[in-house]
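Please study the sequence and the model shown below before reading on. The paragraphs that follow lead through a pocket, a pair of helices and the strands of a sheet.

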Amino acid sequence: MPQNQPQTQQFDLVILGAGSGGYACALRAAQHGLSVALVEKAKVGGTCLHVGCIPTKALLHAAEVADTARMASRFGVEATLTGIDMPAVLDYKDKVVSRLYKGLSGLVFGAKVTLVEGEGRLEGQPGHTPAVVVGDQRLTGRSVVLATGSYAKSLPGLDIGGPVMTSTEVLALDHVPKRTVVLGGGVIGVELASVLASFGSTVTIVEALPRLVAGEDEASSAALARAFKKRKITVRTNARFSAAERTGDGVTVTLEGGETLDADVLVVAVGRGPVTDGLGFEEAGVELDRGFVVADRRLRTSLPGVYAVGDIVPGPQLAHRGFAHGLFVADDIAGRNPLPVQDLLIPKVTYSSPEIASVGLTEAAAREQHGDAVQTYQYDLGGNGKSQILGTQGFVKVVRVEGGPIVGMHMVGERMGEQVGEAMLLVGWEATPADVTPLLHAHPTQNEAIGEAMLALA
């Protein structure tokens, strides 16, 4: 073999990226008896486990504990919130991540998946089996899965560093800033704004669109804006970022029109982009569109034998979507002929305070499809016993086709994310409210709110 020529190893399946989509695909493929190579340049678990879902939700739980202590007197409990020990909070967050990482690593090892550490690059030539090259190794497979995930985006001319940080850097913040500007009012932005406000920072959200979490039902956006106003979180919608200048003690943010906002920290939460650049995808023959991989319903790319899963495929950038993609592709490669993942049936939760949970069509989208045949009902949590015990406000909103199935559900309130599982089942099974009313919901639970909404519509 010529010197420096990569050594070739053959597998049934080679997966590039070990985030939610990649490791799910690897573990399921191993269950099917396939030989699997899993390539990862950082740590198994990807964004979700290390700098996304898990650490963010750990901080959100710490924020909930802080709010509970702050409001303890409402429940007759004498407690005092003396401050936030951010190093201790980070230690708690890191321990949660570490335990899950250890467990996941054990699963990969136990499944006899070959884990290859290093930065991989796709290679493809007409008439040849596609391969992933990692350093001096060339991994070929009957199938290759691209699962390279996403990165936190910034804006042109906005350099990340010091007081200017993305959702990744803010997870290591070792103090509570007095003033925070969050650039972006989507899911990530409102979650981080919620955390920092609970920790005691004065927070302003700057959002270019007319409302927060614009992908959600308008009623949910309005409820979140009202709740944030009560929490003294300033929300600036229809406001466009112009520039940011570092100052001696922080950063000055300039909006279009010349208005300035002074802050100790600027958190840039303007979305996530696909990690596809420089990995050989286009050179190998994989079609891209604005950086995303073009894939069909069965997640096949334009290069035969190559699939794509997760955040690099256009659609909701959610860990459980990537996980479902990974399972689907493994089953498909194994000849099990699974049903494709439907983006419309993927449940979404924004873990701010209050939470937003949804699945299916918004009211506006339903009316675009079904016109005047759309019926909605909004049950206020003021009538729900458990919500009153918890001291939360919000609603359960059901969108249905008149005389037909439930096509969307939207919920706002503390812990309402825990109710989205039933909502997903109802929309996925195309249930009617009358189908649900004979089924009992335990009392007193927030889950009863779903049952009450169904009774009203039936």
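The lining of the second largest pocket has 15 nonpolar, 13 polar and 14 charged residues; here Ala, Val, Leu, Ile, Met, Phe, Trp, Tyr, Cys and Pro count as nonpolar, Asp, Glu, Lys and Arg as charged, and the others, Gly among them, as polar. The model is a predicted one, in which local features need pLDDT of at least 70 and side-chain atom pairs count only at pLDDT 80 or more, while totals for chains, interfaces and linings use all residues. Residues are numbered from 1 along each chain as its sequence is written, and side-chain values use heavy atoms, with hydrogens and water left out.

A pocket is an open set of points on a 1 Å grid over the protein atoms alone, where a 1.4 Å probe fits, with protein on both sides within 12 Å along at least five of seven lines; its lining residues have an atom within 4 Å of a point. The volume of the second largest pocket is about 1,300 Å³, where grid points are joined across faces, edges and corners and a volume is the space filled by probe spheres set on the points. Of its 42 lining residues, Met71, Arg231, Ser353, Pro354 and Glu414 lie nearest the centre. Helix H3 gives the most to this lining, with eight residues; helices (H or I, at least four residues) and strands (E, at least two) are DSSP runs numbered from the N terminus.

How are two packed helices described? They are described by the angle between their axes and the distance between the axes. For H3 and H5, the angle is about 35° and the axes are 8 Å apart; axes are lines fitted to C-alpha atoms, for helices over the stretch in contact, and angles run from 0 to 180 degrees between N-to-C directions. Residues making this contact (heavy atoms within 4.5 Å) include Leu59 and Ala63 of H3 and Val195 and Phe199 of H5. They divide into seven nonpolar, three polar and four charged.

Strand E22 (374-380) also supplies at least two residues of the pocket lining. This strand belongs to an open, antiparallel sheet of five strands in the order E20-E21-E24-E23-E22, where two strands pair if DSSP finds at least two bridges between them. E20 and E22 are the edge strands, each pairing on one side only. Within the sheet, E21 and E24 are joined by six bridges, and valine 359 stands opposite methionine 409 in E24. Helix H11 (residues 420-428) packs on the sheet and touches E20, E21 and E24.
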